[in-house]
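Have the viewer open as you read.

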Amino acid sequence: MNNIKRALGIIWLLLAPAVIYFLVDRAIVHIDPAGTKDINNPVIWIIIIGIFTPIAIGLMIFGWYAFKGEYDHLPESSEELS
Amino acid sequence: MKLFFTFFINTYLTRMKPTTIRSVIAASSVGTMIEWYDFYIFGMLAKTISTQFFPEGNATAALLSTLAIFAAGFIVRPFGALVFGRLGDLIGRKYTFLLTLVLMGGSTFLIGLVPGYKSIGIAAPLLVLLLRLIQGLALGGEYGGAATYVAEHAPANKRGFYTSWIQTTATLGLFVALGMIMLVKLNMSESSFNAEWGGWRYPFWISILLVAVSVYIRLKMSESPLFSKLKEEGKTSVNPLKESFSHKANFKMVLMALFGAVMGQGVVWYTGQFYAQNFLETKAMLDFEQSRTILLWAIAFATPFFVFWGWLSDKIGRKWIMMAGMALAIFTYRPIFNTFLADADLPAAIIKKQLPPETVKIEPVIIKADTVKREAGVIIINHIHSKHTLPDGSRFSASYTDSIFNNSNGVKNEVKTSPITYVNKHLPSSLYWKFIGLVFLLILYVTMVYGPIAAFLVEMFPTKIRYTSMSLPYHIGNGVFGGLVPFIGLLLTTSFPSDPLVGLWYPIGVAALCLLIGIVYLRNKIDENVED
């Protein structure tokens, strides 16, 4: 199971920039000052990309930790967390 | 009303012993439910609020409206989790979630008092935006406090059962908000409800009474015993944010909680409770009453299952119940929503059942302008063409729109008429109950992923930084991943218009990713000791 955890870590590492690329690409396609839908509104895209970027970075860090084997052993008590 | 509250307080509340687990659960759950109620009524009355505070054609008001809707859920909620989580780990759970309740109730009440745009101009949307942001901030701090407070009072073998009562509150808050708005709306005319000082304000005003009772109950409670012990020993955290997110050992658990559990829970929760109702109204085209009462019945039947799964998680562990809920959602969302579309196609049923024309009652053709709206300079007039009633009692209206375009001189000279669509569908009794059953299933999945999660999160983090550490992933999962369901749904529908169910791929995809991470990385062990 630990090997699977580590191997999947690479996928999480790659998935994060892919998500950001997808969002930025969709924003460029759909932002339209003359449009009336939410997906045409630049403010909404700024908010969403702004909030999703740190989350995607979090996914990258998660992937990196997984790849490095940080999740091979999960803490048994709070002492291991501090 | 005063008499009722005096009676309620004297006969019930004053008899509660502050230390009993029942009173701990009641104090936490009622307050959290009221916070959800406060947060939901704004969203449910968005159309009326938009008319009153954010008029069309005003660019500043449109920007403020966007911020009120999106910033409150996506940015301010996680920020509130950090602010109040930190406070809860520094000064204690009790006073922090008392503060969030007061902020939420106060801002909700004040939204109901803000005069409309017609009276005070741009100050109206500015005030409403400010109050909405305070609501988002308060909501971000409430849940973590309530879940932590109950869990820190609960014995190890009943932690899932007791905290599951907190988990019912988001759904019950929706139920009460929906019921309250329907109650007010069905007892007055449309114009009285939508007037500047009309009935739409009542649900906001009622909030202050609910909050007053809840604050009274919470004031009688004592601080969490685990936090009190830490404080006595001088072991509380000095900097909860730093300890939660810059200590690698804890931060990697925060990431695992978010990507392995809460992210999937957020989309399943949002799809079952909000996307489903919106889908019934805007895609299946059910009428106002049925699209809402179906949800109300389904919530009423499904809510006890929050407590059931919480109880069961104490016996068999939290992980596999949550994973099973996500898996069921992934594999059944499309068939269920497809059934909604197929069964609500009442005109097709006439052909399919080969109903004789004389059995279908068609009211004389009414050419009536039902609604008029402007979109990007185009005037769109919606007409009700005819009303059809079938022998089984079901009925629907045929509708079409005229779009009037301006030519280059600004003279309106081109009219395009749309094909006929069927709206305001009213299902026969058998189909109505079938739909309730299907929405019940969707909410049952919500109860599976949501029932055990408070205990699961509490057990992941140490007492001294628990409030901070569990609040952030929870509000990112629910507020951001869950809150994006309609937006990404619209994005996908616009990109792939041929598939009416394409919007479901977002919750299915996120739930599938979360399921995979959860199965591989999470463990099913119940932490017996949360005192450390």
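In this predicted model, the cover over the buried residues of H1(A) includes H2 of chain A. Which residues of H1(A) are buried? They are A:Gly9, A:Trp12, A:Ala16 and A:His30. The length of H1(A) can be checked too: at 1.5 Å a residue, its 29 residues should span 42 Å, and the end C-alpha atoms are 42 Å apart, so the two values agree.

Now to the interface between the chains. Chain A brings 31 residues into contact with 29 residues of chain B. On the chain A side, the elements that give two or more residues are helix H1 (2–30) and helix H2 (42–67). H2(A) supplies the largest share, 11 residues. By class, this side of chain A holds 18 nonpolar, six polar and seven charged residues.

Within chain B, a helix pair is worth a look. Helix H13 (residues 248–282) and helix H21 (residues 485–495) of chain B pack at an angle of about 65°, with their axes 10 Å apart. Angles of 65 to 115 degrees count as roughly perpendicular, and H13(B) and H21(B) are therefore described that way. The residues that make this contact are listed here:

| Helix | Range | Contact residues |
|---|---|---|
| H13(B) | residues 248–282 | B:Val267, B:Tyr270, B:Thr271, B:Tyr275, B:Asn278 |
| H21(B) | residues 485–495 | B:Val485, B:Pro486, B:Gly489 |

How does the contact of H13(B) with H21(B) divide by class, and how many residues are charged? Five are nonpolar, three are polar and none is charged.

Note on methods. Residues are numbered from 1 along each chain as its sequence is written. Chains are lettered from A and ligands numbered from 1 in the order in which they are written. This is a predicted model: local features need pLDDT of at least 70, side-chain atom pairs count only at pLDDT 80 or more; totals for chains, interfaces and linings use all residues. Two residues are in contact if their C-beta atoms, placed from the backbone, lie within 7 Å. Helices (H or I, at least four residues) and strands (E, at least two) are DSSP runs, numbered from the N terminus. Ala, Val, Leu, Ile, Met, Phe, Trp, Tyr, Cys and Pro count as nonpolar, Asp, Glu, Lys and Arg as charged, and the others, Gly among them, as polar. Axes are lines fitted to C-alpha atoms, for helices over the stretch in contact, and angles run from 0 to 180 degrees between N-to-C directions. Angles under 35 degrees count as roughly parallel, over 145 as roughly antiparallel, 65 to 115 as roughly perpendicular and the rest as oblique. The expected span of a helix is 1.5 Å times one less than its number of residues. A residue is buried if 20 or more other C-beta atoms lie within 10 Å of its own, exposed if 12 or fewer, and partly exposed in between; C-beta atoms are placed from the backbone.
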